[in-house]
Amino acid sequence: MSDTSMDANGRNRTVTLTDNATGRTFELPVLSGSTGPDVIDVRSLYSDTNFFTFDPGYTSTGSCESAITFIDGDAGVLLYRGYPIMDLAANADFMEVCYLLLYGDLPNSDQKRKFEHDITYHTMLHAQMNKFYEGFRRDSHPMAVMVGVVGALSAFYHDSTDITNPRHRMVASYRLIAKMPSIAAWAYKYAIGQPFIYPRNELKFSENFLHMLFANPCENYKVNPVLAKAMDRILILHADHEQNASTSTVRLAGSSGANPFACIAAGIASLWGPAHGGANEAVLKMLEEIGDVSRVPEYIKRAKDKDDPFRLMGFGHRVYRNYDPRAKIMRETCHEVLQELDVGDEPLLELSMELERIALEDDYFVEKKLYPNVDFYSGIIFKAMGIPTSMFTVLFAVARTVGWVAQWNEMIEDPTQKIGRPRQLYTGPTQRKFKPLAQRI
Ligand code: SDX
């Protein structure tokens with residue numbers, strides 16, 4: 001929990017605001033967490049001063065207390081419940097990380113065994129869910145299918161939508177984590193006109209996901225263990241990331257008391273944006289548009305041109321002003337996958353490496369601290385695995401579901417939680433007299 005910050009003399013630390021129009025001063029308490037920047041507690045600001053704070057995009061605003069994920073953007077550090085992402089990616093599997101994010105610590109053997117069993121036995125979808133897919137065109141973007149089908153889960157699972165009931169919350173959380181790979185794989189199968197493949201209870205989470213994506217009823221499908229390990233690591237890297245846009249969407253939706261399935265559907269919708277989770281799809285489209293290393297300088301120039309809306313997709317981050325630690329691991333994974341699939345000379349990889357090299361040497365990117373982010377390499381890996389570009393953000397959503405449900409549970413369990421309802425700086429017309437139609441020329 002947060003604590004009131006103390007000054008050098010052991011007094012409660014405050015900051016003082018002075019309104020130079022009236023000379024009034026206001027004391028605001030400073031709160032400290034376990035690490036990271038302290039916060040100025042402005043909860044009483046409006047009632048005490050009649051001022052709102054103003055922070056579009058929340059660049060300087062902490063929206064909640066959380067004990068789940070910590071990011072130090074300057075140092076390029078990412079911790080899940082205190083464990084560095086590099087250690088988790090190297091030593092844990094996705095199920096252990098899911099348990100960690102949900103419960104606050106890594107599971108012991110018995111806890112892991114039971115958690116994996118419980119998740120495995122929630123991977124099947126209600127047989128009627130098929131009908132939802134048939135309502136979509138085959139060429140629908142799979143993220144549209146995900147938003148629709150995940151939102152529709154609340155029409156099936158009434159027995160886990162009472163958000164005040166901890167057991168309901170955990171059952172809904174397990175169902176969401178477990179069913180997302182099935183829903184995602186079925187969205188892909190529907191798009192390519194192949195029959196849905198059911199999960200297999202003898203397979204591990206990531207093996208099951210690849211099996212449902214690529215198996216078909218006409219032959220036995222053996223999951224490549226190198227690809228399963230790569231997928232598992234990619235899911236770990238994308239599992240949670242503090243109060244990003246989609247997680248904040250889930251929290252805001254959940255703050256009204258909406259059921260968890262509707263909240264996660266809202267998170268999926270937010271993740272879809274190219275500035276957020278949709279960037280992995282946009283990176284691949286950008287690389288394909290650039291096409292050749294010789295054209296990289298032209299696109300670097302465009303990315304720097306204020307009058308050109310083009311941005312280098314997969315570069316930059318609101319928090320990281322250093323290399324995204326996940327991007328480093330993704331880069332290594334990319335080389336492993338391409339080597340395993342014998343596509344080490346993948347032109348897009350060569351192009352991405354050259355683009356990264358040039359950008360990291362360019363003053364514009366250096367000054368603005370724009371480094372590759374988690375989305376920069378994921379698209380190349382997924383493409384090499386045979387996953388279509390339109391499915392890239394779907395895979396991100398499969399991974400991020402555990403982060404969303406962990407943050408949603410934390411919000412519901414927060415005793416200070418209330419409905420999120422920001423205010424505004426109004427710049428529209430002040431009150432004016434109604435003008436009858438006859439007078440409107
Ligand atoms: C994810 O929040 C999270 O944690 C998200 C995420 C997660 O795990 O949940 O990490 C996942 O969303 C990663 C980000 C994926 N998005 C992209 O790769 C899209 C390309 N990146 C940009 O759109 C941008 O960098 C953002 C959206 C990621 C961050 O935008 P900010 O923090 O609002 O920064 P900004 O737009 O104010 O940019 C600061 C400056 C601007 O120049 P100035 O106005 O100061 O002159 O840097 C420039 C921008 O023009 N800039 C870029 C750039 N990103 C920022 N210029 C060229 N190419 C880019 N990619």
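Tutor: Lys369 is partly exposed, at a relative accessible area of 39%, where buried means under 20%, exposed over 50% and partly exposed in between (1.4 Å probe, protein chains only). This is a predicted model, in which local features need pLDDT of at least 70, side-chain atom pairs count only at pLDDT 80 or more, and totals for chains, interfaces and linings use all residues. Residues are numbered from 1 along each chain as its sequence is written, and side-chain values use heavy atoms, with hydrogens and water left out.

Student: Between which helices is the loop that holds Lys369?
Tutor: Lys369 is not a glycine, yet has a positive phi of about 55 degrees. Most residues other than glycine have a negative phi. With helices taken as DSSP runs (H or I, at least four residues) and strands likewise (E, at least two), numbered from the N terminus, the loop of Lys369 lies between helix H16 (363-367) and helix H17 (375-384).

Student: Is Tyr58 buried or exposed?
Tutor: Tyr58, which is not a glycine, also has a positive phi of about 55 degrees. Its place is the loop between helix H1 (45-49) and E5. At 55% relative accessibility, Tyr58 counts as exposed.

Student: Which residue in E7 is the bridge partner of Leu79?
Tutor: Three strands form an open sheet in the order E5-E6-E7 with antiparallel pairing, two strands being paired if DSSP finds at least two bridges between them. Strand E6 (residues 77-80) pairs with E7 over 2 bridges. In E7, the bridge partner of Leu79 is Pro84.
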